[in-house]
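Hi,

Here is the structure I promised to pass on. Have a look, and then read on for what turned up.

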Amino acid sequence: MPLTYSPDTTAAAWLVQSDTPVTSLLNFGPTIFEAYGRLRFIPDPVTPGQNESDADLHPGHPSDIAQARRALRLLARFTSTPQDCYFCVWEGYSDIPLPPDVRHGPLVEIPGRRYALVRGALHDIDAWEADLGDGLPVAPPAFVWPADRRWCFASDVDPHWAGIGAEKAAVDALVGDAQLDVVPADPTEHQPLYY
């Protein structure tokens, strides 16, 4: 089934009602998982006050959505419900214009952020740009989780990385993937950021 906007946002109640501090929630999802990791879209800063534009990237560096897609494909092995997943689209993305009925309909609300809820199979991430971005490069989903909630992928607009909470075996698999730059993380600690 293709990605479709969902007017029923109850599947996101576990995020909205989480007692996880907002910054941790936006960056890693609920702090209920055995392990966490950071998928670094670009390398961490190496000097204080460094700007993202100063990151040393090789030619052909993969886009954020391409890296997110690979991580999510790997995470498909760690859920019993890969055919039933939820994706959040931040209302502030300029590259994913929300249809008027979605923008004014029920949205998932977390302090400081509002999201449209999209539902589909996990492999529908392959059609993310076509379904939501008119075929153009777009930002990764702000959140992704399967219906069984075995993991949560969180990609807020400010960090240069996405946070992932899951069982340890899933985080270990992400860290061990040579085509991804994933490092273990502790959501209660300060994380590297560009300025």
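To start you off: which residue is the bridge partner of L39 in β8? The bridge partner of L39 in β8 is A162.

Before the rest, some housekeeping. This is a predicted model, with local features needing pLDDT of at least 70, side-chain atom pairs counting only at pLDDT 80 or more, and totals for chains, interfaces and linings using all residues. Residues are numbered from 1 along each chain as its sequence is written, and side-chain values use heavy atoms, with hydrogens and water left out.

**Strand β2**

Helices (H or I, at least four residues) and strands (E, at least two) are DSSP runs, numbered from the N terminus. Two strands pair if DSSP finds at least two bridges between them. On that basis β2 (residues 35–40) pairs with β8 (residues 161–166) in the antiparallel sense, over 6 bridges. With β9 (residues 182–184), β2 also pairs in the antiparallel sense, over 3 bridges. L39 has a partner there too, namely V182 in β9.

Burial goes by relative accessible area: buried is under 20%, exposed over 50%, and partly exposed in between (1.4 Å probe, protein chains only). In β2, 6 of the 6 residues are buried, so the strand is largely enclosed by the rest of the structure. A35, G37 and L39 point one way from β2, while Y36, R38 and R40 point the other way.

**The core**

A nonpolar core here is a set of buried Ala, Val, Leu, Ile, Met, Phe, Trp, Tyr and Cys residues joined through side-chain atoms within 4.5 Å. The largest one has 61 residues, and W128 and F143 touch the most other members. Helix α3 (residues 64–75) supplies the largest share of this core, 6 residues.

Contact means heavy atoms within 4.5 Å. Not counting residues up to four places away in sequence, F143 touches a list of residues including L15, Y86, I110 and F153. G29 is on that list as well. G29 sits in the loop between α2 and β2 and is buried, with a relative accessible area of 0%. Leaving out residues up to four places away in sequence, G29 touches T20, S24, F143, C152 and A154.

A76 is another loop residue, found between α3 and β3 (85–90). A76 is partly exposed, at 27% relative accessible area. G29 and A76 are 47 residues apart in sequence and 17 Å apart in space, C-alpha to C-alpha.

**Pockets**

A pocket is an open set of points on a 1 Å grid over the protein atoms alone, where a 1.4 Å probe fits, with protein on both sides within 12 Å along at least five of seven lines; lining residues have an atom within 4 Å of a point. The largest pocket has a volume of about 260 Å³. Of its 17 lining residues, F41, D64, A139, P140 and V157 are the closest to the centre.

The second largest pocket holds about 180 Å³ of space. Among the 13 residues lining this second pocket, T23, N27, W161, Q191 and L193 are the closest to its centre. Helix α2 (residues 22–28) gives the most to that lining, with 4 residues. Volumes are the space filled by probe spheres set on the points, with grid points joined across faces, edges and corners.

Cheers
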